Amino acid sequence: GRVDHGDAYLDTHQLERARGITIFSKQALLSTEHLDITLVDTPGHVDFSGEAERTMPILDCAVLVISGTDGVQAHTVTLWKLLKVYNIPTFLFINKMDQPDNDAATIMEELKLRLSAECIDFTQAGTEEFYDSVATCSEAALEEFLETDEVSEQTIADMIKRREVFPCFFGSALKLTGVEEFI
C-alpha cells in the first residue's frame, strides 16, 4: 500500500489512514537471503516524536529517511541527536530524489554540515572518491587505504557499527528507485 492512498501496510489505525501519516510505531518481519529483520516503523512527524524515541532502546540500527525536497529539518536534527545519545548506527535514505531540482551533491553538503562530516555517499561505493571519503573518517581506515588503495567491507561495517561512518543512499521510495541498492 501507500501512505498517500491511505492503505499503507503498517498504518492500520483510522487516524493514520485519514491523515496519511504514521502516528503509532508498528513492526514488521522481513527476510532477505542473508538476514531476518524486524522493521520498526516510527512516526516521522514532530508531533509524534515521543513515539519514535520510545523505540530507540531496542534498535540495533536505524534508517533515517530524509526528504530530498525538504532537506534536513529541525526535527531531523532532533532525531539525529537522539540516535547519537542511544549510540545507534544510522543509515540515511534521502527520499523523493525523483522530484525536480533535488541534487544529491547539494544534499550531501547539507548532511555533512548539519548532521555529520562522516555522512558518506554510498552510491559511489567502490570508487576512489568513495574510499578516500571513508578513509578520512578513522585513522585505521586511512592506514588501510594508504596501504591497499581501498577500505575493506569489514572495516567499513565496523566503522558503521561504531558510528564513524553514516552511509547515505538516494532514491524514491514511491517509485522504488534506489531501494534495492539500499537493502
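Predicted model: local features only at pLDDT ≥ 70, side-chain atom pairs only at ≥ 80, totals over all residues.
Residues are numbered from 1 along each chain as its sequence is written, and side-chain values use heavy atoms, with hydrogens and water left out. Local features need pLDDT of at least 70 and side-chain atom pairs count only at pLDDT 80 or more, while totals for chains, interfaces and linings use all residues.

A disulfide is a covalent bond between the sulfur atoms of two cysteines. Here a disulfide was taken as a pair of cysteine sulfur atoms within 2.5 Å. The count by this rule was zero. Cysteine 137 is in no disulfide; its nearest cysteine sulfur belongs to cysteine 119, 9.2 Å away. Cysteine 168 is likewise in no disulfide. For cysteine 168, the nearest cysteine sulfur is that of cysteine 119, at 4.3 Å. Burial was assigned from relative accessible area: buried is under 20%, exposed is over 50%, and partly exposed lies in between (1.4 Å probe, protein chains only). Cysteine 137 is buried, at 15%. Cysteine 168 is buried too, at 0%.

Helices (H or I, at least four residues) and strands (E, at least two) are DSSP runs, numbered from the N terminus. Threonine 42 sits in the loop between strand 2 (36-41) and helix 2 (49-55). Its relative accessibility is 24%, so threonine 42 counts as partly exposed. Threonine 42 and glutamate 53 are 11 residues apart in sequence. Their C-alpha atoms are 8.7 Å apart in space. Threonine 55 belongs to helix 2. Threonine 55 is buried, with 9% relative accessibility. Contact means heavy atoms within 4.5 Å. Neighbours within four places in sequence aside, threonine 55 is in contact with Ser25, Val40 and Thr42.

A pocket is an open set of points with protein on both sides within 12 Å along at least five of seven lines, and lining residues have an atom within 4 Å of a point. Grid points are joined across faces, edges and corners; a volume is the space filled by probe spheres set on the points. The second largest pocket has a volume of about 240 Å³. Its lining includes Phe122, Phe130, Tyr131, Val151, Glu153 and Ile156. Helix 5 (128-135) and helix 7 (153-161) each supply at least two lining residues. Helix 7 gives the most, with four. The lining divides into seven nonpolar, three polar and one charged residue. Nonpolar covers Ala, Val, Leu, Ile, Met, Phe, Trp, Tyr, Cys and Pro; charged covers Asp, Glu, Lys and Arg; the others, Gly among them, are polar.

Definitions and conventions:
1 Å grid on protein atoms, 1.4 Å probe; cavity = no way out; pocket = protein on both sides within 12 Å on 5 of 7 lines; lining within 4 Å.
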